[in-house]
2 protein chains.
Amino acid sequence: MHVWRVHTETQEWTREPVPPAWERLGGRGLIARVLLDRMSPVAHPLGPGNLLILAPGLLVGHRLSSCDRISFGGKSPLTGGVKESNAGGRTGWALTALGIKVLILEGRPREDRWWVLHLSTQGVRFDPADDLVGLEAQATADRLMARYGEHIAAALIGPAGERLWPTAGIQNLDKDGVASRIAARGGLGAVMGSKRIKAIVIDPEGGNPPPIADPAGFRQARKTYTQALMAHPQTQTYADYGTAAMVLFCNQLGGLPTRNFSQGRFEAAEAISGERLREMLLARPNAHTTHACMAGCAIRCSNVVTDPRGFFVVSPLEYETIAMMGSNLGLDDLDAIARLNRVANELGVDTIEVGVALGVAAEGGLWSFGDAVAAQRLMEAMRTNTLTGRLLGQGAVTVGRVLGVRRVPAVKGQAMAAYDPRAIQGTGVTYATSPQGADHTAGNTVRAQRHRPPVEEQARLSLKAQIAMAAYDTLGVCVFAGFGFAKVPETIPQLLRARYGWEVSDDVFQQLGRETLRLERAFNRAAGFSPAHDRLPEWMLEEPLPPTGARFQVPEEHIQNLFRELEAA
Amino acid sequence: MHVWRVHTETQEWTREPVPPAWERLGGRGLIARVLLDRMSPVAHPLGPGNLLILAPGLLVGHRLSSCDRISFGGKSPLTGGVKESNAGGRTGWALTALGIKVLILEGRPREDRWWVLHLSTQGVRFDPADDLVGLEAQATADRLMARYGEHIAAALIGPAGERLWPTAGIQNLDKDGVASRIAARGGLGAVMGSKRIKAIVIDPEGGNPPPIADPAGFRQARKTYTQALMAHPQTQTYADYGTAAMVLFCNQLGGLPTRNFSQGRFEAAEAISGERLREMLLARPNAHTTHACMAGCAIRCSNVVTDPRGFFVVSPLEYETIAMMGSNLGLDDLDAIARLNRVANELGVDTIEVGVALGVAAEGGLWSFGDAVAAQRLMEAMRTNTLTGRLLGQGAVTVGRVLGVRRVPAVKGQAMAAYDPRAIQGTGVTYATSPQGADHTAGNTVRAQRHRPPVEEQARLSLKAQIAMAAYDTLGVCVFAGFGFAKVPETIPQLLRARYGWEVSDDVFQQLGRETLRLERAFNRAAGFSPAHDRLPEWMLEEPLPPTGARFQVPEEHIQNLFRELEAA
């Protein structure tokens with residue numbers, strides 16, 4: 001495995017040995033390490049000093065179920081801090097097939113010409129891409145597959161990334177060639193756009209899966225893990241309902257964001273539930289209630305939504321989108337939500353950030369909650385790049401600023417996901433403290449809330465989840481694969497030993513997670529973050545959440561001391 | 001002298017003794033002390049936890065020439081840090097006549113009703129002001145004078161403050177009842193608006209100038225100072241040309257911001273020069289080339305601009321506005337600039353922040369440099385509160401964000417003033433490091449550049465100027481009075497001893513300035529600022545400034561170490 005460095009201004013590239021300090025990191029942890037080692041933390045996120053990093057996780061490359069995720073990283077144009085955002089699809093696997101441990105894009109071209117970065121066993125090539133400029137995501141993907149073959153992997157940006165919107169993600173082809181697997185959060189699509197790269201095409205032909213030091217040991221650990229995963233009841237739930245199963249669960253907890261986080265239960269939650277979605281998809285031609293985003297996934301939490309005539313609308317429709325573009329906007333029609341999602345995917349924007357921005361915009365008087373036609377019109381304004389559209393493209397905080405709305409649910413510049421922190425307080429601690437900004441994937445505690453843990457437990461729950469997620473994201477493991485690994489945690493050190501021939505201790509998982517958080521916090525400190533930034537927005541501490549009246553009650557000192565022991569180590 | 005505390009939600013108020021730690025501070029220094037002692041630095045600037053503070057400087061109250069300035073303070077909605085912004089006019093003097101050392105407005109009403117805060121020898125009263133809502137600044141002033149008498153002092157906000165725009169200032173009546181003396185920078189008008197105070201009316205009737213411990217000593221020091229001020233050649237220059245004398249001087253240095261800081265000389269500088277302005281005003285009925293903003297001022301740097309028929313347009317038209325709304329926008333017509341200034345004053349916004357925002361907007365394609373009609377139309381969009389107008393009302397950084405412009409001349413969220421830091425590097429150090437954000441009044445070094453000091457000297461020049469300005473702003477002394485005090489520095493300790501009967505050392509001026517900066521930096525640290533925020537924007541370090549090709553070359557370690565000795569003391 002090598003480091004591939006590509007300079008986007010000179011178009012020179014090198015294949016370099018992996019520095020020793022990077023060796024035992026991958027994915028999210030490696031991104032933090034590379035950012036600390038190779039860029040100035042005060043560089044402008046859209047200037048020549050930022051890096052765009054693609055790092056497959058440590059376990060990527062062998063089609064371990066749900067373990068082929070690709071991490072994208074850089075300094076976030078949304079938060080101004082460290083950013084890692086990961087996705088499924090083919091990209092991670094294809095990079096490892098070329099022996100790429102990490103791909104680093106440096107610099108920024110001076111000319112306004114666009115490029116496809118083509119990676120293959122032949123190395124790196126810049127292909128002119130001016131003809132792709134302005135194309136939406138799937139149109140871009142189709143053009144790339146026509147040009148380079150159906151077998152390629154690709155990471156690409158839509159118009160939002162070209163326009164440098166901090167809501168822009170990077171979309172990856174799924175196993176069916178749909179540009180749906182978006183590394184959505186934190187604006188890394190804009191970083192890619194600033195480097196004038198419309199797409200990174202990876203042609204794995206002639207490549208090989210990375211070598212395995214102990215094939216028998218690897219097979220054995222894999223088998224144990226896969227069986228544990230398949231046996232977990234949650235795996236079947238995800239296959240049947242996808243992430244949308246969360247709608248009624250969160251609604252029951254009183255933590256389903258509704259009308260810009262002004263309520264925690266939505267009167268029409270049933271209408272947008274996973275159960276209703278499944279019913280709808282079962283009745284439609286060409287729809288799928290279950291679908292795998294990457295080859296070999298046993299969970300298959302994805303789905304394919306079609307309209308009543310069977311025409312493709314969007315894939316997948318997930319809980320976060322249903323909540324942030326549904327209940328959070330007062331919308332109760334899954335088809336309307338799917339159409340909003342579709343435009344978001346075509347533009348290449350994060351549905352969480354844009355969903356929250358639309359909620360803030362409704363509160364600011366730009367439109368009315370519950371008006372699906374108006375919501376669709378605003379998405380079209382984004383598409384056509386009007387001033388209103390450009391404003392929405394900046395995300396929730398900027399919309400709140402321009403419209404004079406103080407009730408903006410965001411931390412470190414990034415919008416919260418679909419778990420109101422007043423009802424799901426451990427996740428609130430994660431929002432407040434994660435180096436990534438408000439982000440449920442940095443450490444969600446929603447399942448633990450089923451047992452109504454006391455407020456004194458919430459910080460500990462968050463820390464545990466943050467360490468685990470940082471480790472999974474470093475391994476390239478999907479969060480849902482964690483149901484399997486949690487049952488057979490010994491398989492993680494076993495897989496690492498078997499694949500790499502390393503001596504690793506039994507608590508390597510904990511070590512990876514803790515080290516990743518330490519590195520990320522070090523980058524953020526140098527970039528200008530301080531304890532003052534580790535907090536929920538003030539209004540959210542003042543307002544109780546109807547109908548339960550929940551308040552965020554985690555003591556300030558739990559939050560300020562959360563990482564103390566981890567950082568003292 | 002007392003502390004007057006007013007709670008804007010309960011409408012309760014108290015008159016309290018001055019805490020010992022506040023006794024020997026006034027104006028800007030006292031504001032920093034009060035913010036540190038009385039609010040949480042992480043409170044939202046527009047939430048109930050922020051304070052609006054009015055603090056006359058230590059020398060205010062006796063009509064010492066150019067020494068009756070009023071400081072406004074709070075946590076800035078523009079920068080998120082400490083903010084002090086001061087103005088001339090009657091307000092400072094009137095507060096001291098009521099024995100008010102500092103007025104602190106706390107809390108925030110829940111109801112959307114508006115109030116006039118009325119201060120007199122009878123104490124504090126909340127008078128309903130719903131009929132004033134939406135009124136522009138002068139209309140508000142006129143209504144207040146009709147209601148409360150021509151003799152009042154008043155600090156008021158225009159529509160911008162009501163709309164909570166972070167470009168909104170607080171306007172004070174000048175000696176002629178014109179609402180022109182704006183505490184412009186940092187959005188304190190929005191803080192006032194968040195507390196639903198349309199105006200603070202101060203009726204000095206029955207009040208008395210604060211007592212003087214040693215009247216003979218005071219008279220003597222005052223005489224020495226006034227003579228030194230009158231004898232200074234700069235005093236006559238300001239009387240003849242006002243601050244506009246700076247246009248050709250800065251142009252000569254190659255530091256006159258032109259077309260969003262893309263050039264340092266403006267081809268039409270002559271057409272907007274102080275000389276041309278004087279000529280124009282001399283030829284117009286009812287215009288004045290010289291005018292005093294407060295009673296007793298010997299400098300009279302203000303002016304009154306009328307149109308060719310003699311109708312009032314604006315007072316004063318100053319250098320900062322001429323540059324930021326003139327050369328910075330490619331506009332070469334003083335009448336057009338005066339009309340932009342007029343709308344800004346009517347709305348109650350900072351012409352620096354809005355001028356820079358318009359420059360960024362031109363760079364972002366919203367209009368074209370040099371098109372005076374388009375510029376006027378955008379000011380009208382601000383007036384009518386369209387989405388475009390609201391965007392401009394957020395200031396330069398937000399405009400840059402929404403329009404995707406990286407070339408935003410701002411530090412800590414606040415736009416630079418009319419001295420390009422590449423040509424006037426000491427002022428660049430001030431922009432980079434001042435706790436106030438980019439602000440020439442925090443320590444301008446433009447005059448020292450006449451001698452072409454080497455780059456190694458620039459940080460020292462900035463520190464010296466920052467300490468001096470922090471001291472003047474704590475004393476309530478106009479920067480231009482500094483020409484006088486610099487000749488007879490012993491008069492400052494003499495005046496303080498004579499007025500208060502304090503024992504103060506001869507270097508009290510230095511002590512006041514240094515203490516003020518220390519307090520401000522302590523507040524900012526707690527509010528979330530770190531060394532990463534003490535820097536010019538990245539693009540400005542990359543681009544040389546035409547036509548001189550000047551670069552900002554002050555070494556990073558000079559900037560990072562600027563306050564080291566001051567803070568170690």
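Predicted model: local features only at pLDDT ≥ 70, side-chain atom pairs only at ≥ 80, totals over all residues.
Which residues of helix 7 of chain A are buried?

Display chain A and chain B together. Chain A is superposed on chain B by a rotation of 180 degrees, with 0.0 Å of shift along the axis and an RMSD of 0.0 Å. The two copies are therefore related as by a two-fold rotation axis. Next, select the interface residues of chain A: 100% of them are also interface residues in chain B, so the copies meet through the same surface.

**Helix 7 of chain A.** Select residues 215–231 of chain A. At 1.5 Å a residue, the 17 residues of this helix should span 24 Å, which agrees with the 24 Å between its end C-alpha atoms. Now colour Ala221(A), Arg222(A), Tyr225(A) and Leu229(A), the buried residues of the helix. They cover an arc of only 105 degrees around the axis, and therefore lie on the same side of helix 7. Then turn to the face directed away from the buried side, where the exposed residues Ala216(A), Arg219(A), Lys223(A) and Ala231(A) are found.

**Ala372(A).** Finally, select Ala372(A), which belongs to helix 14 (residues 372–384) of chain A. Ala372(A) counts as partly exposed because it has 17 C-beta neighbours inside 10 Å. Beyond its neighbours within four places in sequence, Ala372(A) is in contact with Leu331(A), Asp333(A) and Ala336(A). Leu331(A) is 41 residues from Ala372(A) along the chain, yet their C-alpha atoms are separated by 6.5 Å.

Key: Residues numbered from 1 in each chain as written. Chains lettered and ligands numbered in written order. Least-squares fit on C-alpha atoms with pLDDT ≥ 70 in both. Contact = placed C-beta atoms within 7 Å. Helix = DSSP H or I, 4+ residues; strand = E, 2+ residues; numbered from the N terminus. Expected span 1.5 Å × (residues − 1). Buried ≥ 20, exposed ≤ 12 C-beta atoms within 10 Å, placed from the backbone. Arc of directions from axis to C-beta.
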